[in-house]
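My entries follow in the order in which I made them.

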Amino acid sequence: MKRILAVFLFVTGATALFAASDYFTRGEALFVQNKPQDARPLLESALTDDPSNEKTYLYLGIIYQQLGDTQKAIDVLKKGLDVSTTYKELFYYNIGNDLYAQRDFAGAEAMYSSAVGARKDLAEGYLNRANARLKQQNLDGSLSDYAYFLQLAPQDPQRPAIEKLMGLLRKVQDQKEAARQAELARQQALLNDVQKGLTNAGDSTKNLSVESINGQTDPVNVDIKD
């Protein structure tokens, strides 16, 4: 899967809004220039300087992911969720990406669900949740998410590949349904055979009962005393 990393670049006006933190200003500039190694220490200092700035958590989460430390990315993003009021969907989304990288597909699916719950039109959330569901063999769920993604992003360049994948998934579904129906038919045939055998056994039991009654001696009279 070609993972889509949430690129969070609200550059215009950012420096003016957060001019009070020189660490943040310089760290953000390096982040925008795609220099994660240089931006990291500055943004870590900015986080110490101002732990209420949710952008710092987001930037650091992406930086740690870029540097290959997905667990550290998850940890800082989860801390950011505690202070986030504006960009919760991006925290959930990026945590989902990091969990996916760790092959925790169920955890990733849960985070993507939270992301699209926080923002219904987050197209990439549906796409990545579809991929996470597919990894768990949830064909119905993945097909539904792929379809919804294409509704939200009809011009996405991945559309031909996604449509091809959806076609293959539907064929797999049809094959599974055909196999299921064949298995159900086989099981029903076995059941019918067993039922026939049980019916014959019942007839034999009835005949045995009649013969037993006919072969009984006269009933014994027993006096019952008061």
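**Helix packing and backbone notes**

I began with α2 (22-32) and helix α4 (residues 54-66), which pack at an angle of about 40° with their axes 11 Å apart; the axes are lines fitted to C-alpha atoms, for helices over the stretch in contact, and angles run from 0 to 180 degrees between N-to-C directions. The helices themselves are DSSP runs (H or I, at least four residues), numbered from the N terminus.

I noted that α2 passes α4 in a left-handed crossing, meaning that the near helix is turned anticlockwise from the far one by less than a right angle. On the α2 side the contact (heavy atoms within 4.5 Å) is made by Phe-24, Glu-28 and Phe-31, and on the α4 side by Lys-55, Thr-56, Tyr-59, Ile-62 and Ile-63. Sorted by class, this contact has 5 nonpolar, 1 polar and 2 charged residues, where Ala, Val, Leu, Ile, Met, Phe, Trp, Tyr, Cys and Pro count as nonpolar, Asp, Glu, Lys and Arg as charged, and the others, Gly among them, as polar.

I wrote down the provenance next: this is a predicted model, in which local features need pLDDT of at least 70 and side-chain atom pairs count only at pLDDT 80 or more, while totals for chains, interfaces and linings use all residues. Residues are numbered from 1 along each chain as its sequence is written, and side-chain values use heavy atoms, with hydrogens and water left out.

I then turned to helix α8 (residues 123-135) and helix α9 (residues 139-152), whose axes come within 8 Å and cross at roughly 160°. That angle makes α8 roughly antiparallel to α9, and I recorded the crossing of α8 and α9 as left-handed. Among the α8 residues in this contact are Tyr-126, Leu-127, Ala-130 and Leu-134, and those they meet in α9 include Leu-139, Tyr-146, Phe-149 and Leu-152. The contact of α8 with α9 divides into 10 nonpolar, 3 polar and 4 charged residues.

Which residues other than glycine have a positive phi? I found Asn-34, with phi near 60°, in the loop between α2 and α3 (36-49), and Arg-103, with phi near 70°, in the loop between α6 (88-101) and α7 (105-118). Most residues other than glycine have a negative phi.

Technical notes: Helix = DSSP H or I, 4+ residues; strand = E, 2+ residues; numbered from the N terminus. Parallel < 35°, antiparallel > 145°, perpendicular 65-115°, else oblique.
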